[in-house]
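Work through the exercises below with the sequence and the model open side by side. Try each task before reading its solution.

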Number of protein chains: 2
Amino acid sequence: MIGIDWGTSSARAYRLDPDGTVRERREGAGGILHVAPGGFPDALRAMAGDWIAAGERRILLSGMVGSRQGWQEAPYLPCPAGLGDLALGVVPIPFEGAELRLVPGLSAHDAAGIPEVMRGEEVQVFGGLDGAQDALVCLPGSHAKWVRVEGGRIAGFTTSLTGEAFAALRGHTILARMIEGEAAPGAAFDDGVARARDPGGLLHHLFGARALALFGRLAPADGAGYLSGLLIGHEVAASLPPGAGPVHLVGSGPLMALYGRAIALAGAEAVAGDADAAAKGLARIGERIAWA
Amino acid sequence: MIGIDWGTSSARAYRLDPDGTVRERREGAGGILHVAPGGFPDALRAMAGDWIAAGERRILLSGMVGSRQGWQEAPYLPCPAGLGDLALGVVPIPFEGAELRLVPGLSAHDAAGIPEVMRGEEVQVFGGLDGAQDALVCLPGSHAKWVRVEGGRIAGFTTSLTGEAFAALRGHTILARMIEGEAAPGAAFDDGVARARDPGGLLHHLFGARALALFGRLAPADGAGYLSGLLIGHEVAASLPPGAGPVHLVGSGPLMALYGRAIALAGAEAVAGDADAAAKGLARIGERIAWA
């Protein structure tokens, strides 16, 4: 089977053995934003045409490729939803030479009735958990998600605009003048996480970063780490229930270490999930689909 | 006397009668960012040269003109500080044809020991209070300030980066796509303020705005009002002590109505201060200065 985690800015394609092992992988910048209208069949052939030519007949897609801006819109499934619901809910797309299916995204409501959506993360959650029936999963990113898995199904989730807010604040406010370089683990990040527990709120803490720099108490090289710690610290404080068990971190890249540290500073255990969570999740859904 | 509230992006010049009445006023875009190095004497003459020629011999400046990026740096006075402290702390600047003095800014620390600074707002606070000895003052803006006046002196204050964060989030995140127009009072603003009281934190509420738009529950014309309500609502919730008395709002422009509404929704009374607060404050400090 071929599985593709096809997001907004990048795509990851996997050729999978029947048992879910990744036989081959490809990662590229071919996210849906880079595909012209009507260009999805060609984009798929560019990514995996040789695998199809070699005999693969089943292709499963997940992620923003199923959004209004993607290949075809797949309606959101409401939570709670498990692997079986996702497999039942796949949307077929006509495609020459292979059976093509699209995993639907999930919708939910937060405690106040405001809608929540995900596309692609549901696959990573089930791939990263390795069969656990109850878990709290965190997926760092531009739109970071905290997912509650109960009885083997995704019961609900919340999203925070943390990554995008970091980029906007770092690049387009007075904070830009006091920051050089990138966020990295270290004392400045820890200071930002600790600061997030002070009273006054995030908007006040943001000005405090400026004031610390003004008085020489925050060096430019530490600015990005401090700001990242502030934002991730606020997200973790608002997302981690009191007395929560281990948090399963699913994803890749430098944010994983930062989230792991912030969760540890909040007194919870962070467990790094499988880096191939998307591939595993696609395989687990694929084996439940009634292919032709 | 001539009083000038000289900020980063604009300047307001007042010709004041001995009793503090504004005889003439001028407002321009001549903020310190628009003055070339060494250009401050000429900029002052452009603003008020005719008043000096007409016989004014005393000039009092306040605001960012006293910062490192201004005409001359005036060290911050530590809080608590009253009118007498500000008058004693003025910094003389050599200037041909008139006595020129600079009101120092104020510094403080928040509850966690993080520094706080203001330049110019201290003058507006004392001008806006009309002699009240104890008050809570809110000054909306890019860097909004909440100031505690106790026994006639500024005891402490906190700043939030609300205005700048609004501009950065509105212009440089996915929220930009779902927003048309400007923030205005109305139901969408009220919804944003109410949302700020929900659990989940500001970063989660920002994603919720995106999700509401995705499901057609937040129209583009309402987006700016909702986002403004979210941010101002978070600021007010974090800055307004439980059971606080009336909040004196000092400033001008469309933010005044929005802050007044958010404070009322939080259950406190908002009292609009004098629109000429800077002029009044400069006059009150000027009458306490030992001019030559």
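The exercises that follow concern a predicted model.

**Exercise 1. The surroundings of B:Arg23**

Task: Place B:Arg23 in its chain, and find which residues B:Arg23 touches beyond four places in sequence.

Solution: 
- Start with the secondary structure. B:Arg23 sits in strand E3 of chain B, residues 22–28.
- Next, list the contacts. Leaving out residues up to four places away in sequence, B:Arg23 touches B:Arg15 and B:Asp17.
- Now look at the side chains. Those of B:Arg23 and B:Asp17 make a polar contact of 2.9 Å.
- The cut-off is 4 Å between a side-chain nitrogen of Lys or Arg and a carboxyl oxygen of Asp or Glu. B:Arg23 and B:Asp17 form one, with their closest N and O atoms 2.9 Å apart.
- Check the accessibility of both partners. B:Arg23 is partly exposed at 47%, and B:Asp17 is partly exposed at 24%.

**Exercise 2. The interface of chains B and A**

Task: Describe how chain B meets chain A, from area to individual contacts.

Solution: 
- Count residues. 43 residues of chain B contact 44 residues of chain A.
- State the area. About 3,900 Å² is buried between the chains, and carbon and sulfur atoms give 71% of that.
- Name the leading residues. In chain B, B:Leu161, B:Leu203 and B:Phe207 lose the most area to chain A, together 19% of what that side buries.
- Tally the polar links. There are 13 residue pairs in polar contact, both at pLDDT 80 or more, and two salt bridges. One salt bridge joins A:Asp110 to B:Arg195, with the closest N and O atoms 2.7 Å apart.
- Trace the elements. Those of chain B that each supply at least two residues include strand E13 (153–160), helix H4 (162–172) and helix H6 (202–214). H6(B) gives the most, with nine residues.
- Sort that side by type. It has 21 nonpolar, 13 polar and nine charged residues.

**Exercise 3. The cysteines**

Task: Are B:Cys79 and B:Cys138 buried or exposed, and how many disulfides does the structure hold?

Solution: 
- Count first. There are zero disulfides over all chains.
- Check the sulfur distance. For B:Cys79 the nearest cysteine sulfur is that of B:Cys138, 16 Å away. The disulfide limit is 2.5 Å.
- Read the accessibility. B:Cys79 is buried at 18%, and B:Cys138 is buried at 0%.

How values were computed
Residues are numbered from 1 along each chain as its sequence is written. Chains are lettered from A and ligands numbered from 1 in the order in which they are written. This is a predicted model: local features need pLDDT of at least 70, side-chain atom pairs count only at pLDDT 80 or more; totals for chains, interfaces and linings use all residues. Side-chain values use heavy atoms; hydrogens and water are left out. Helices (H or I, at least four residues) and strands (E, at least two) are DSSP runs, numbered from the N terminus. Contact means heavy atoms within 4.5 Å. A polar contact is a pair of N or O atoms within 3.5 Å; within protein, one must be able to donate a hydrogen and the other to accept it, and residues adjacent in sequence count only if both atoms are side-chain atoms. Buried area is the accessible area (1.4 Å probe) that two parts lose on being put together, summed over both. Ala, Val, Leu, Ile, Met, Phe, Trp, Tyr, Cys and Pro count as nonpolar, Asp, Glu, Lys and Arg as charged, and the others, Gly among them, as polar. Buried means under 20% relative accessible area, exposed over 50%, partly exposed in between (1.4 Å probe, protein chains only).
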